[in-house]
2 protein chains.
Amino acid sequence: LQNGRGGKLSAVLNRKIQAPPPVWLMRQAGRYLPEYRAARAKAGSFWKLCMDPEAAAEVTLQPVDRFELDAAILFSDILLVPFALGKEVTFEDGSGPRLERTVSADELTRDSADWERKLSPAYRALELLAGRLAPSRDLIGFAGGPWTLASYMAEGQGSNDQRAAKLWGYRDPDGFARLLQRIADCAAYHLCGQIRAGASVVQIFDSWAGGLTERAFRDWVIAPTKRIVDRVRENCGSVRIIGFPRGATLAGYDLYALETGVDAVSVDTAVPMGWAVQNLGGRVVLQGNLDPVLLVAGGSAMREAIDRLVASLECMPFIANLGHGVLPETPVEHVAEFVARVRRAR
Amino acid sequence: LQNGRGGKLSAVLNRKIQAPPPVWLMRQAGRYLPEYRAARAKAGSFWKLCMDPEAAAEVTLQPVDRFELDAAILFSDILLVPFALGKEVTFEDGSGPRLERTVSADELTRDSADWERKLSPAYRALELLAGRLAPSRDLIGFAGGPWTLASYMAEGQGSNDQRAAKLWGYRDPDGFARLLQRIADCAAYHLCGQIRAGASVVQIFDSWAGGLTERAFRDWVIAPTKRIVDRVRENCGSVRIIGFPRGATLAGYDLYALETGVDAVSVDTAVPMGWAVQNLGGRVVLQGNLDPVLLVAGGSAMREAIDRLVASLECMPFIANLGHGVLPETPVEHVAEFVARVRRAR
C-alpha cells in the first residue's frame, strides 16, 4: 500500500484484474461542474485556485463526491514545473496560459529549495486530501511530460505544432537535451514531493506527443520520460506510474510501453483498444479511452462505445477513463451515466 | 499518359521505380516565396488569388520554375468545394478562413451546373497551365477529404479537435453520413473537372484525419474517400490518385491503403518510413514525409533526415515530399537544398 491507500486503482496497477474496472476521468474537476465554477469564481483565477491548498483540495474532491469515482486527482496544472524552474506563468481568461519564453537550459533554476517553495501549495493540498479522502480511494499526483513542457517553454504558450521546440531540438540537439533533462529532474522531484505528501499513484501527461518523427519521439519523449521514471523509482520507491503520450503513433505507444518503465499507459481516443490489448496489454496496464466528445454527445453512441470498451478489456487489468480531458460543455448527467455504465458491466 | 503528360511522378505512380525519386512539396506555392508574396499583394486577398485563373496559374508555376520540381500543384484551396456546395467562404488576414455553418446536408446544392460555375476558375487556371507546363512535368489537381471539409462546415471554421463535426456524427449518424456523401460527390466532380481541364494526377487532402476512433475513421474517412475514388474512376478513367489521411493512426493508414482504392498514400511526419515500407509499400506508392520544421531548421539535421528518407525508400516507387505543407518561415535556400539533395541521391 502506498501511503496507506489501497483502492481499486492501486489494485489494478498491481495487475489484479478488477470487475468492474476502476473509473476516473482526466480533468474530472473542471468547468463542466457547477460547483467547480463557483469555486473558480470565488478564487478569482485558475492559477489562484491551483495555488490555494484549501480551495484546490475542495475542487479535487468535488467530482469524487458527486460520482463516487475510484480516484481523486490533485487539482493543479502542468505549468507548476516551469514555474518552479523560475518562469513566470500567467493565465488570462479566454486565451491559453502564457509564460516567459525559455531559450537556454541554463536559465532554469537547479536549486531544489526553490522548487520546494514554489511547488509546496500542491503538497499542502495533498496533505489536506490525505486526511479527507477515504483510504479505499486512490489519490493521484501528476506532472507534465518533459516534451510537452519544453514545447510550452520554447514557445511561451501553447502551440498546435510545437514548432519552436522542434526548431530548437533540430538546430541544437545537445542544448535541447539539456533542457529536457532539467525539466525531467524537476518533474521527478515534483512527483516525489506529491508521493511524500500523500499521492498513491502518479501520472505523467505528455499531451503533445503527436506529430513527432520516430527519432524525435525517442529523443524527446522516451528518453526524458525514462529519466523521470528512473529518478522516481530511485528516490521514492515502487509507486505506480501511469504515462500518457497523447497522439503518439501506435509504434510510439509500443516503444513507450517497452522502454520508459511506466506501469500503465493511458491511450488516447484514436488508439484501437483491440490493438492496445494485443500489443501493450501484456506489458502495461491500459487506461482510456472514450472520446470526450462522446461524453458530450451522450445517447446510444456513448452507451455502445462504453459497452465495447469495457467488453474489450474484461480479461485485462484496465482503468476506465477518457482518451483526453472532460470538455467544459459536457452534461453532468452523461458523466454519471458513464460511471454507472462502467460499473454495471460485469 | 493522362492528358499527354508523362513525368517522373506519373511513372512512379504506375509503380516504376525512379532513381532519384520525383520530388514536389505540399504547399510549394506559398508565403515563403517572395514572388508569391508579391502576387498575393497584387491580388489583394488569398481568395481572389485562388479565383483569378491567370494569377493562380502564375503562382502555381513559381516554385516549379525556381526549383525545377517534378510536378506543379494547382494553387487553390480545399474550401472551393464547400463554396460550390453553396456556402459563403471568407478569408481574413491574421485569422483562418470562415464559412457559413452547415447544419443539414439538405442545405447543400446538388445542382452540378452550380458546382461547375463556382469551380470553373480552377478549371480555367488548369487550362492555362496545361499550355505552359512542360509535358515532362505532372500537373496535380486536388480536393479536400470529406471528413476535413465536413469539419470546417460543421464548425464554420478550422478547429483543433473537430468537436462540432464529431458531435454531429455521434448524435445523428445517418444525417452526417448524408453530409459526407454530398461532399464526396462534389469533391469527385471537382477532381474529374480538374482532370478534364488538364491535371494528370489528383490528391485528396484529409488534413484532419487524426484523433478519430477506429469506428469513426472507418465511417467518416474511409467510406467517403472510397466513394470519391470509385466515382472518379467510374467517370474519369484510370487517373492516378494520391490520398493523404494526415494524423491517422498506423492502423488507420493500413486500412486507408487497403480499402479506399487510392494508388498512393502521402504519409505524415510521425509515420516511421520503415513501418510504411513494410506495411503499405507493397500495396500503394509512398509519398512523404520530411518534417516541414526540418525544412525551416536546415543544417545537418535536415540533411541527415533527407538522406535517411531517400535511402529507406530506394527500392520502392517513392515520391519525395514533406509530411505536411511548407511553413511560411521556411528559407528558400533550404527548399533548394532539399530538392538538390534528393536528386543527388542514387
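B:R231 is partly exposed, with a relative accessible area of 33%, where buried means under 20% relative accessible area, exposed over 50%, and partly exposed in between (1.4 Å probe, protein chains only). This is a predicted model, in which local features need pLDDT of at least 70 and side-chain atom pairs count only at pLDDT 80 or more, while totals for chains, interfaces and linings use all residues; side-chain values use heavy atoms, with hydrogens and water left out. Residues are numbered from 1 along each chain as its sequence is written, and chains are lettered from A and ligands numbered from 1 in the order in which they are written.

The partner of B:R231 in a salt bridge is B:D185, with the closest N and O atoms 3.4 Å apart; a salt bridge here is a side-chain nitrogen of Lys or Arg within 4 Å of a carboxyl oxygen of Asp or Glu. This pair links distant parts of the chain, since B:R231 belongs to helix 10 (residues 214-236) of chain B and B:D185 to helix 9 of chain B, 46 residues apart, where helices (H or I, at least four residues) and strands (E, at least two) are DSSP runs numbered from the N terminus. B:D185 is buried, its relative accessible area being 17%. Helix 10 of chain B also holds B:R233, which forms a salt bridge with B:D263 at a closest N to O distance of 3.0 Å. B:D263 is located in the loop between helix 11 (250-259) and strand 7 (264-266) of chain B, so this pair ties together parts that are 30 residues apart in sequence. B:D263 counts as buried at 15% relative accessibility, whereas B:R233 is partly exposed at 27%.

## A longer link, and the whole structure

Over all chains, a search of the whole structure finds 38 salt bridges. One of the pairs is formed by the side chains of B:R343 and B:D70, at 3.1 Å from N to O. Because B:R343 lies in helix 15 (residues 332-344) of chain B and B:D70 in the loop between helix 4 (53-67) and strand 1 (71-73) of chain B, the pair ties together parts that are 273 residues apart in sequence. B:R343 is partly exposed, with a relative accessible area of 30%, and B:D70 is buried, with 9%.

## How the two chains are related

Chain A is superposed on chain B by a rotation of 180 degrees with 0.0 Å of shift along its axis (RMSD 0.0 Å), which is the relation of a two-fold axis; the superposition is by least squares on the C-alpha atoms of residues with pLDDT of at least 70 in both copies. Of the interface residues of chain A, 100% are also interface residues in chain B, so the copies meet through the same surface.

## The parallel sheets

In chain A, 7 strands form an open sheet in the order 1-4-5-6-7-8-9, with parallel pairing; two strands pair if DSSP finds at least two bridges between them. Strand 1 (71-73) and strand 9 (318-322) of chain A stand at the edges with a single partner strand each, so one side of each is left without a neighbour in the sheet. Strand 1 of chain A is joined to strand 4 (residues 138-144) of chain A by 3 bridges, in the parallel sense, and the bridge partner of A:A72 in strand 4 is A:L139. Helix 9 (residues 173-196) of chain A lies across strand 4 and strand 5 (201-206) of chain A, running at about 165 degrees to strand 4; axes are lines fitted to C-alpha atoms, for helices over the stretch in contact, and angles run from 0 to 180 degrees between N-to-C directions.

Chain B likewise has an open sheet of 7 strands in the order 1-4-5-6-7-8-9, with parallel pairing. In chain B, strand 6 (residues 240-245) pairs with strand 7 over 2 bridges, in the parallel sense, and B:I242 has B:A264 in strand 7 as its bridge partner.

## The nonpolar core

The largest nonpolar core has 278 residues, of which A:V232, A:L286, A:L290, B:V232 and B:L286 touch the most other members; such a core is a set of buried Ala, Val, Leu, Ile, Met, Phe, Trp, Tyr and Cys residues joined through side-chain atoms within 4.5 Å. Helix 9 (residues 173-196) of chain B provides the largest share of this core, 12 residues. Leaving aside neighbours within four places in sequence, B:L286 is in contact (heavy atoms within 4.5 Å) with residues including B:V265, B:V267, B:M273, B:L313 and B:F318.
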